Amino acid sequence: MDPYSLKKLNQCRRERRAAILLTDLGDGRDRVVVEGDLVAGNLGEAVASAFRSGKSGVVEVDGRSFFLNVHLPPPRLVMIGAVHISQALAPMAAIAGFDLHIIDPRTAFASPERFPNVRLDAEWPQEALARSPLDAYCALAALTHDPKIDDPALKAALEAGCFYVGALGSRKTHARRVERLTEAGVSPAAIERIRAPIGLKIGAASPAEIAVAVLAEIIEALRSRGLSASRSVAA
Amino acid sequence: MSDIVEGGTLRDPLTIAEEWMKEGRDVAIATVVETWGSAPRPVGSHLVIDADGQFEGSVSGGCVEGAVIAEAAEVIADGKPRMLEFGVADETAWRVGLSCGGRIKVYVERLG
């Protein structure tokens, strides 16, 4: 591998940009293609298809054999609310390989003592998300029960095309949330994407059990996102 | 937790390969490029190896790493990439086969 390719690839990964390491298996030469780069001809079609599916593999193009190693940004879980559930969800999600970001303007909740070794912003979601924007590789879980804090974050997550958007609260709470978001101009199709009540139905009772249900639901969304990703590119 | 764990997640082989390169170490990168049947690690997985045989990452569940590391020493020495194939149908399988019954192809190349 060309050292320049490795450096460029690692830089893309740090910056959360989708990239493919393209290796010609005949002569061993490689280069990094960043999503949005133009690649001509049949190879270009294979590259575009690999970005959509996220699947690495060998392709035969014009009698030559290429290996496409697709590097999509690692999933990031953004939690709105430095609450009891978040304290359980943060370490579980870290072990499962997620980047973490916790946002809660209530400084009593968002204290480093309660959340050691986690990126924590004691700010309103609008402020924190302006600095660290959401993208299609983010999951957002709104956990505060406070519309002032949760609603703007949910709106931002739907606009950014986050692969998962979940909100804590009963069906009744969610019905009121739907009314507020509709009034705020969010489309019914977008609102439909919110997972509420949050988490897979496993009868979770304690904050830690709810965290398991939420994490499982996020992983389900992540692993089934191939189809929706290709739809959004085609649209 | 060991030193490959950072903030709860595993540090990945390509980051380690770049660090090793900056330290002036000779490095080989092994990549799973094809799998058939039930393979333990998906296509795209990496094992990085230095000239002293130190390694990080994995291309299988530990079944064939030894053989890949041995081959990596030669790749580092002559700079020629190699395609290795492992599986139960392979003659070497008795020594370094995949107990799961799958087959994998591993591309081993020198960095730089």
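Student: At what angle do the axes of helix H5 and helix H6 of chain A cross?

Tutor: Keep in mind that this is a predicted model. The axes of H5 (residues 147-160) and H6 (residues 171-183) of chain A cross at roughly 60 degrees and come within 11 Å. That angle makes H5(A) oblique to H6(A).

Student: Which hand does the crossing of H5(A) and H6(A) have, left or right?

Tutor: H5(A) crosses H6(A) in the right-handed sense. On the H5(A) side the contact uses A:Pro147, A:Asp151 and A:Leu154, and on the H6(A) side A:Arg177, A:Arg180 and A:Leu181.

Student: How many of the residues in that contact of H5(A) with H6(A) are charged?

Tutor: Three are charged, three are nonpolar and none is polar.

Student: Now H3 and H8 of chain A. How do their axes meet?

Tutor: Helix H3 (residues 84-95) and helix H8 (residues 207-223) of chain A have axes that come within 8 Å, crossing at roughly 50 degrees. H3(A) and H8(A) are therefore oblique to each other. The crossing of H3(A) past H8(A) is right-handed.

Student: Which residues make that contact?

Tutor: H3(A) supplies A:His84, A:Ile85, A:Ala88, A:Leu89, A:Met92 and A:Ala93. From H8(A) come A:Pro207, A:Ala208, A:Ile210, A:Ala211, A:Val212, A:Val214 and A:Leu215. By class, 12 residues in the contact of H3(A) with H8(A) are nonpolar, one is polar and none is charged.

Student: Which residues of H1(A) and H1(B) touch?

Tutor: Chain A contributes A:Pro3, A:Leu6, A:Lys7, A:Leu9, A:Asn10, A:Arg13 and A:Arg14, while chain B contributes B:Leu14, B:Thr15, B:Ala17, B:Glu18 and B:Met21. The contact of H1(A) with H1(B) has six nonpolar, two polar and four charged residues.

Student: Off helices for a moment. What is there at the backbone of A:Pro197?

Tutor: The peptide bond from A:Ala196 to A:Pro197 is cis, with omega at about -5 degrees. A:Pro197 sits in the loop between strand E10 (194-195) and H8 of chain A.

Student: And A:Arg16, is its phi positive or negative?

Tutor: Positive, near 55 degrees, in a residue other than glycine. A:Arg16 belongs to the loop between H1 and strand E1 (19-24) of chain A.

Student: Why mention those two at all?

Tutor: Because most peptide bonds are trans, and most residues other than glycine have a negative phi.

Student: Which arginines lie over the face of a ring?

Tutor: A:Arg106 lies over the face of A:Phe109, 4.0 Å from the ring centre. In chain B, B:Arg103 lies over the face of B:Trp36, at 4.5 Å from the ring centre.

Technical notes:
Residues numbered from 1 in each chain as written. Chains lettered and ligands numbered in written order. Predicted model: local features only at pLDDT ≥ 70, side-chain atom pairs only at ≥ 80, totals over all residues. Heavy atoms only, no water. Axes fitted to C-alpha atoms, helices over the stretch in contact; angles between N-to-C directions. Helix = DSSP H or I, 4+ residues; strand = E, 2+ residues; numbered from the N terminus. Parallel < 35°, antiparallel > 145°, perpendicular 65-115°, else oblique. Left-handed = near helix turned anticlockwise from the far one by under 90°. Contact = heavy atoms within 4.5 Å. Nonpolar A, V, L, I, M, F, W, Y, C, P; charged D, E, K, R; others polar. Lys NZ or Arg CZ within 6 Å of the ring centre and 35° of its normal.
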